[in-house]
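Me: I have a model open and want to learn to read it. Where do I start?

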Amino acid sequence: MLSVSNVSMRYGAKILFDEVSVAFTPGKRYGLTGPNGAGKSTFMKLLSGEIEPQKGTVVRPRKLGVLSQDQFAFDAYTALDTVIMGNKRLWAAMEERDAIYAKHDMTDEDGMKLGELEGIVGEEDGYTAESDAAILLQGLDIPDEAHARKMSELQGGQKVRVLLAQALFGHPQALLLDEPTNNLDLDSIHWLQGFLNVYDGVVIAISHDRHFLNSICTHIADIDYETIITYTGSYDEMVLAKTQVRSQIESQNAQREKKISQLNEFIARFAAGTRSSQVQSRRKEVERLQVTELAKSNIQRPYIKFEPKRPSGKHILEIEHLGKAYGDKPVIRDFTASITRGERIALMGRNGAGKTTLVNALLANSPTTPEAELRKTSGYDGPFVDAGKVIWGHEASIGYFAQDHRGLIEGGMTALEWLHQWNPAAVSEEIRGLLGQMLFAREEATKSTSVLSGGEAARLLFCKLMLQKPNVLVLDEPTNHLDLEAINALNISLQRYQGTVFLVTHDHDLIDEVATRIWHFESDHKLTDFKGTYEEYQAAVVV
């Protein structure tokens, strides 16, 4: 059993949650939701034991799987050993056993201890540990040849997947997963969904991926109004139920306030008259009809609207026999495509397949993306195209959201100053209005760009795109630092956008609801160009 009782946490005057009691039941999968800053990660740390509550108690099972957020903590270990370390009891027994076997002369006491340790290894399935760990790594697309490599030698995305395998290893009684889909491609996310849906322990997951939550969750534990309320069902069902409950309370309050107003009017008119008994009864009625106090929600919803300053030509882009390789490793082979105005193209494939490489090839030949900007975001100093042509059409104006975008925001400026340089004709109030749409408080307009968080930097870039008004959007992993409300706002804005979109994302719903065309990177470095929605593409692939 995993539960909290009368738990409270606050930082200064800010209350995250107060006197919260909730139990998480084995066999059920909970999404832990709430806006940025509501306290999701803090609550997860309370559950794991990383921090203690300021008030209340936490009860944990003996075996707890936790997704580590520190990518560098295991750099000295191999990927396989890092996974096995997810079972702390087994790993400790194996280390102590190996130390005894390494001795030149073993004592009788050592022999007895070995028997005890071998018993623990057997109880914890230690004799199949390496093969079990390898199966997890394979499911998360870590190739066999990488299993024996040190964590320090792996790429960032691979490290995250190894740490995810570590959390899943040893069949813990409860799994605590903070953003488990970060840096996973869609195939790995789908594998994880399948794994969790047959897992028989408690799952508690924080995620900004709505489709992932809808796919795995039997319940939602929502942090808002300074408390945690558990809803039965998926994320979408929780949003509906939460809205209905809030609306019902607001409606009841409005009715009560109207009734109280009528009663107070009667009391005021006849308080000094002969109808004192009626006045007294109405005073008691007013006391009974107290309005339910509504705590303020932490949820904030940005407003994103992409609007082209002017339309592009009908034929926005021609790609002719495009090829790109890094050394002797081909990435894109002989790709040809013709794109017309208004198409929304999703670039899909496994991590490292070449999606960002193709984005760079398109942008390197664009009329409005400086090469220096592209060099800065890619960290690459070679040619972006080895063969073929990329030809942009008439009046093409490209707005770019880079996957690694922090380097594009110069330090030593305010947010207002940084935005103003992209449209010197814009007045200060227009820019402040855009910042407000993206949830920057008025005083944050003068915040230094040097201290922006990842989420703030992403929102500032969306302000830039809304200010520039391009007729082509090239978005490379735009959701990485956004919460669910911001992702939903982005989804709606892209569906309504009248220009052309090139979108790299692992967000299933964003692809499903926005894309009108799919470019899928295959294992042989070829691209499948499918004209249709993601749902139609999946149906065609199955056939």
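Reply: A pocket here is an open set of grid points where a 1.4 Å probe fits, with protein on both sides within 12 Å along at least five of seven lines. Its volume is the space filled by probe spheres set on those points. Keep in mind that this is a predicted model.

Me: How much space lies in the largest pocket?

Reply: The general idea is simple. Rolling a probe the size of a water molecule over the atoms shows where empty space is left. In this structure, the largest pocket holds about 1,500 Å³. Its lining counts 48 residues, and Q155, N351, G352, A353 and Q403 are the closest to the centre.

Me: Which helices and strands each supply at least two residues of that lining?

Reply: Look at α6 (156-168), β11 (329-340), α11 (355-364) and α12 (371-378). By class, the lining has 24 polar, 13 nonpolar and 11 charged residues.

Me: What about the second largest pocket: how much space, and which residues lie nearest its centre?

Reply: Its space comes to about 750 Å³. Of its 23 lining residues, Q69, D178, E179, N182 and N480 lie nearest the centre. Both α1 (40-48) and α6 give at least two residues to this lining. The classes are 14 polar, five nonpolar and four charged.

Me: Where is K469, and is it buried or partly exposed?

Reply: Find the loop between α15 (454-468) and β15 (472-476); K469 is there. Its phi is also positive, about 55 degrees, and it is not a glycine. At 28% relative accessibility, K469 counts as partly exposed.

Me: Now helices. Which residues of α7 are buried?

Reply: Think in turns. An α-helix has 3.6 residues a turn, so residues three or four places apart point the same way. In α7, the buried ones are L186, S188, I189, L192, Q193 and L196. They cover an arc of only 155 degrees around the axis, so they lie on the same side of α7.

Me: How far apart are the end C-alpha atoms of α7?

Reply: They are 16 Å apart. Helix α7 has 12 residues (186-197), and at 1.5 Å a residue it should span 16 Å, so the two agree. Check the start too: a side-chain oxygen of D185 comes within 3.3 Å of the backbone nitrogen of D187.

Note on methods. Residues numbered from 1 in each chain as written. Predicted model: local features only at pLDDT ≥ 70, side-chain atom pairs only at ≥ 80, totals over all residues. Heavy atoms only, no water. Helix = DSSP H or I, 4+ residues; strand = E, 2+ residues; numbered from the N terminus. Expected span 1.5 Å × (residues − 1). Buried < 20%, exposed > 50% of the residue type's maximum accessible area, 1.4 Å probe, protein only. Arc of directions from axis to C-beta. Polar contact = N/O pair within 3.5 Å; in protein donor to acceptor, adjacent residues only side chain to side chain. 1 Å grid on protein atoms, 1.4 Å probe; cavity = no way out; pocket = protein on both sides within 12 Å on 5 of 7 lines; lining within 4 Å. Nonpolar A, V, L, I, M, F, W, Y, C, P; charged D, E, K, R; others polar.
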